[in-house]
Amino acid sequence: MAAIRIENLCKGFGSLEVLKGIDLDIADGEFVCFLGPSGCGKSTLLRSIAGLENLDGGSIRLGERDITDLPSAKRDIAMVFQNYALYPHMNVRKNLSFGLALNGMKRDEIDRRVTNAAEVLRITELLNRKPRQLSGGQRQRVAIGRAIVREPKLFLLDEPLSNLDAGLRVTMRVELAALHERLAVTMIYVTHDQVEAMTLSDRVVVLDKGKVSQFGTPLELFYRPANLFVAGFIGSPRMNFVNANVADECETGLRLAGGGLARELSLDTLSPAPIGRDCPVTLGIRPNKLELTSPDEAHLAGNVRLVERLGTESHVHISLEGGGDLTAVVRGTHPVSTRERVHIRIPSEHCHLFDADGKAIERPLDAETRALINQEEGRGPRGPVLEERHA
Amino acid sequence: MDMAYAGTQTGAARRKRASVRRHIAPYLFISPWILGFLFFTLGPLLFSLTMSFFDWPVVGERTFVGLDNYRSMFTEDPQFWESLWITVKFAAIYVPFNIVMSFFLALMLHHVTFASGFFRTAFYLPSVISGVALVTIWSWIYSREYGLLNFMLSLVGIDGPNWLGDPNLAIVAIIIASLWGLGGTMLILLTGLKAIPKELYEAATISGVPGWAQMLFITLPMLGPMLIFTFITSIISAFQQLTIALLLTKGGPLGSTYFFAMYVYDNAFKYFDMGYAAAGSWVMFVIVLALSLVVMRWSAAWVYYEGEIRQADGERNA
Ligand SMILES: Nc1ncnc2c1ncn2[C@@H]1O[C@H](COP(=O)(O)OP(=O)(O)O)[C@@H](O)[C@H]1O
Ligand SMILES: [Mg+2]
């Protein structure tokens, strides 16, 4: 009922184009994150859905209704702002009830909703305090409470946890997930923190410079990044990239050489790669998949700049001899040390491949990963509804 | 052992000196202002208080008369009451107009995006013009035969009155001329408006709070401290009204604009009765102080000050 469909949404400020044709289809009850670096247009997109921006073009539907030109108040949405935006001169109870009272809601209905929301968020004993008298986490709860009492079809949250300290952020993250489970309402959540996005969402919209870079489940983004931007943005430490050229191609794969590679590397692809001989490509490989090995097996060689020992694992920062940097994650007890010359093998089955435009060339996944991704796709708090929609 | 003891002794002494230095330093930094305040404000203030208990001619014998100046002012001087009444009348009209008009101008400027810098300057400009220049301009505007105001009125077929010559109109003329300088008040309120986070309005808009309610329940309370501040400064400046009346109407016609400040001024520099003038100043001071306190007490109930709950904050943390 409260699915959202956004089509070709465009928005600029003066000569600055911020959103450049956004298309999105969000299912009812889904928890979706807008993820992207600062300034990529996440807030602007969220505010456009909220009706706080004048659009340059495109349309937004919520459920059955076209809400593109509807005033915010009529959209059946609630929004939680990054700085909470609590009314500083009103106590918590008034903060929660203010909007309801002015919409002519009955006293006892308001009381019921406020009491209910306060219980859910465990702020009952704070109802008579002013926002100033609350800690960051408590203010955050009040801000969410103000959204809950509206009983909206759609929740919009703009970096709601970014002003909290690290420990509290984890706690609130868990609470938000529980809240979503409980309310079973569509939520859109803006963040620049990939851990938040990966842990909270059913699906993630990765935004890059005002465009949707990829829209998929967290695991899909991680294991099947659609392009260089997503590959580099998701995962920590970030994916390594190595330049290479296509030496040879056939039905089922490519042979790569040159660029930074000391030895040829054969890769299989799902379909004949739409790419010719001598074309430049980019290899992507996650730091934990690189192997430090003997010279005769190695594809790359370099010098260790820094070893960060984290206990269970060590991050090895390497300057490649052909130019460029790599990060390898090895087991915590690996004896590698700074300034050492190391040899690195790239296991071809774990490579990501990108063409000259940065678009991913699809590669087969191992059975286990494939199963996991499929399982996650069918999941979601409202599995049956999702299936219905896909059918 | 002894050595160690001595060591802690000097350590303690050093800490003490450092602490003294730390506490004195801020006062050294503000000392120019403190000295100025002592010599040019507090000193003359106390001096004038002393004066008010004396018969104090500019030349000649000074004699201590106790509360005689005050007594004769209250009981034997109809001009005292007359001037006080004129001033109260003036304040009662000028203060609300000053604040309401400044508030609406500030609101307009806040929402205007086109050439807002120009308008801001234009509205503030009169406040930086010196009193004499301002009065010159206004005496030209109000002039019966050649004035701009009556010329404009004649364009719409009205035979303009003698603004500065009519005892009922002269005070209106002075109120209008005073309101011309509301740019300062407006600027303070504009700053206050700009300091209200726009998310408060957005949150309200999303929850369907209509514009009038946003004004009433968000803008006004958030602007409260600024409104009270401008309210009090307006009262003070109303009671000090002197320049315009002195230069534009000289207190006339028929004493209808003989403001309290002018009455004090004349006692001092026309009748050279310094003690009596000082007593008048102190009466005015007490009235303004009392009014300010009343306003502050009255506003404490409904004005929200950002820092007000500090103490409760501390309690919670304790
Ligand atoms: N009201 C505005 N006026 C002008 N530029 C704006 C405005 N709001 C946002 N921008 C610009 O739009 C871009 C995207 O902003 P935003 O959506 O807030 O990014 P994000 O939330 O992803 O960090 C930024 O370059 C920002 O400077
Ligand atoms: Mg943002």
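Predicted model: local features only at pLDDT ≥ 70, side-chain atom pairs only at ≥ 80, totals over all residues.
**Figure 1. Chain A as a whole.**
Let's start with the overall build of chain A. Its secondary structure comes to ten helices and 21 strands. Along the principal axes, the C-alpha atoms of chain A fill a box of roughly 80 × 45 × 45 Å. Of the 391 residues in chain A, 51% are buried. Counting contacts in chain A with a separation of 6 or more, 65% come from residues 24 or more positions apart.

**Figure 2. The two domains of chain A and where they meet.**
Domain 1 of chain A brings 18 residues to the contact, and domain 2 of chain A brings 15 residues. The size of an interface is often given as the accessible area lost when the parts come together. Between domain 1 and domain 2 of chain A, that area is about 1300 Å², with 65% of it on carbon and sulfur atoms.

**Figure 3. A closer look at the domain 1 side in chain A.**
How many salt bridges are there between domain 1 of chain A and domain 2 of chain A? The count is zero. Polar contacts are present, however: eleven residue pairs, with both partners at pLDDT 80 or more, link domain 1 of chain A and domain 2 of chain A. On the domain 1 side, the elements that give two or more residues are α6 (194–200), α7 (218–223) and α8 (228–233) of chain A. Helix α8(A) gives the most to this side, with four residues. By class, the domain 1 side that touches domain 2 of chain A has 13 nonpolar residues, four polar residues and one charged residue.

**Figure 4. The interface of chain A and chain B.**
Here the view turns to the contact between the two chains. It takes 28 residues from chain A and 26 residues from chain B. Together, chain A and chain B bury about 2300 Å², 65% of it on carbon and sulfur atoms. Which residues of chain A lose the most area to chain B? They are A:His89, A:Leu102 and A:Arg132, together 29% of what the chain A side buries.

**Figure 5. Polar and charged links between the chains.**
One salt bridge is counted between chain A and chain B. In this salt bridge A:Arg47 pairs with B:Glu202, and the closest N and O atoms are 2.7 Å apart. Six residue pairs, both partners at pLDDT 80 or more, are in polar contact between chain A and chain B. On the chain A side, α1 (42–50), β6 (77–80) and α2 (92–102) are the elements that give two or more residues to the contact with chain B. The residues of this side divide into 15 nonpolar, seven polar and six charged.

**Figure 6. Helix α2 of chain A and its surroundings.**
Buried residues in α2(A) are A:Val92, A:Asn95, A:Leu96, A:Ser97, A:Phe98, A:Gly99 and A:Leu100. What do the buried residues of α2(A) pack against? Their partners are α3 (107–121) and α4 (136–148) of chain A, together with α11 (211–239) of chain B. Just after α2(A) comes A:Gly104, with a positive phi of about 75°.

**Figure 7. A:Leu121 in helix α3.**
Follow helix α3 of chain A to find A:Leu121. Is A:Leu121 buried or exposed? A:Leu121 counts as buried because its relative accessibility is 7%, under the 20% cut-off. Leaving aside neighbours within four places in sequence, A:Leu121 is in contact with A:Arg141, A:Ile144, A:Gly145 and A:Ile148.

**Figure 8. The two domains of chain B.**
Finally, chain B is divided into domain 1 (3–51) and domain 2 (76–299). The centres of these two domains, taken over C-alpha atoms, are 40 Å apart. Four residues of domain 1 of chain B are in contact with four residues of domain 2 of chain B. About 400 Å² is buried between domain 1 and domain 2 of chain B, and carbon and sulfur atoms give 78% of this area. Across this interface there are zero salt bridges and one residue pair in polar contact, both partners at pLDDT 80 or more. The domain 1 side of chain B that touches domain 2 has three nonpolar, one polar and no charged residues.

Notes
Residues numbered from 1 in each chain as written. Chains lettered and ligands numbered in written order. Heavy atoms only, no water. Contact = heavy atoms within 4.5 Å. Buried area = accessible area lost by both parts, 1.4 Å probe. Salt bridge = Lys/Arg side-chain N within 4 Å of Asp/Glu carboxyl O. Polar contact = N/O pair within 3.5 Å; in protein donor to acceptor, adjacent residues only side chain to side chain. Nonpolar A, V, L, I, M, F, W, Y, C, P; charged D, E, K, R; others polar. Buried < 20%, exposed > 50% of the residue type's maximum accessible area, 1.4 Å probe, protein only. Domains from an automatic or database assignment.
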